[in-house]
Amino acid sequence: MKETMFQFGNVVVVEDDCIGVIVKSWGPSSKTGKYSHEVYVRSFNGIKDYPEEEIRHFIYSKELSEEEKTFY
């Protein structure tokens, strides 16, 4: 089984341009087999649950190559 790409405290990007922090991670769903994560987003002032494929790592001041984009 594939392991999750994120863990508590990771700074991430959701919904194209909102920056948030992973506050809870859920194991693979019994229905879909996919991970999900609860993300605190300050601009929403709340926590929202996102499937892992809708979350990207926030990269601090670095342009990623195409190879790195597929990794992250």
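Helices (H or I, at least four residues) and strands (E, at least two) are taken here as DSSP runs, numbered from the N terminus. The model is predicted, and for that reason local features need pLDDT of at least 70 and side-chain atom pairs count only at pLDDT 80 or more, while totals for chains, interfaces and linings use all residues. Residues are numbered from 1 along each chain as its sequence is written, and side-chain values use heavy atoms, with hydrogens and water left out.

The chain holds 1 helix and 5 strands, and from the N terminus on these elements follow one another as β-β-β-β-β-α. The strands make an open sheet in the order β4-β3-β2-β1-β5, with antiparallel pairing, where two strands are said to pair if DSSP finds at least two bridges between them. β4 and β5 (56-57) stand at the edges with a single partner strand each, so one side of each is left without a neighbour in the sheet. Strands of a sheet pair through backbone hydrogen bonds, either parallel or antiparallel.

Leaving aside residues up to four places away in sequence, asparagine 10 touches Met5, Gly20, Val21, Ile22 and His57, contact meaning heavy atoms within 4.5 Å.

The hairpin of β1 and β2 has 3 residues between the strands, and in it glutamate 15 takes a positive phi near 50 degrees. The side chain of glutamate 15 also meets that of lysine 48 in a salt bridge at 2.7 Å, N to O, the term covering a side-chain nitrogen of Lys or Arg within 4 Å of a carboxyl oxygen of Asp or Glu. Because glutamate 15 lies in the loop between β1 and β2 and lysine 48 in strand β4, the pair ties together parts that are 33 residues apart in sequence. A search of the whole structure finds 1 salt bridge. Glutamate 15 is partly exposed at 35% relative accessible area, and lysine 48 is partly exposed at 38%; buried means under 20%, exposed over 50%, and partly exposed in between (1.4 Å probe, protein chains only). Aspartate 16, in the loop between β1 and β2, counts as exposed at 69% relative accessibility.

Isoleucine 47 lies in strand β4 (residues 46-51) and is exposed, with a relative accessible area of 53%. For the chain as a whole, buried residues make up 22% of the 72 residues.
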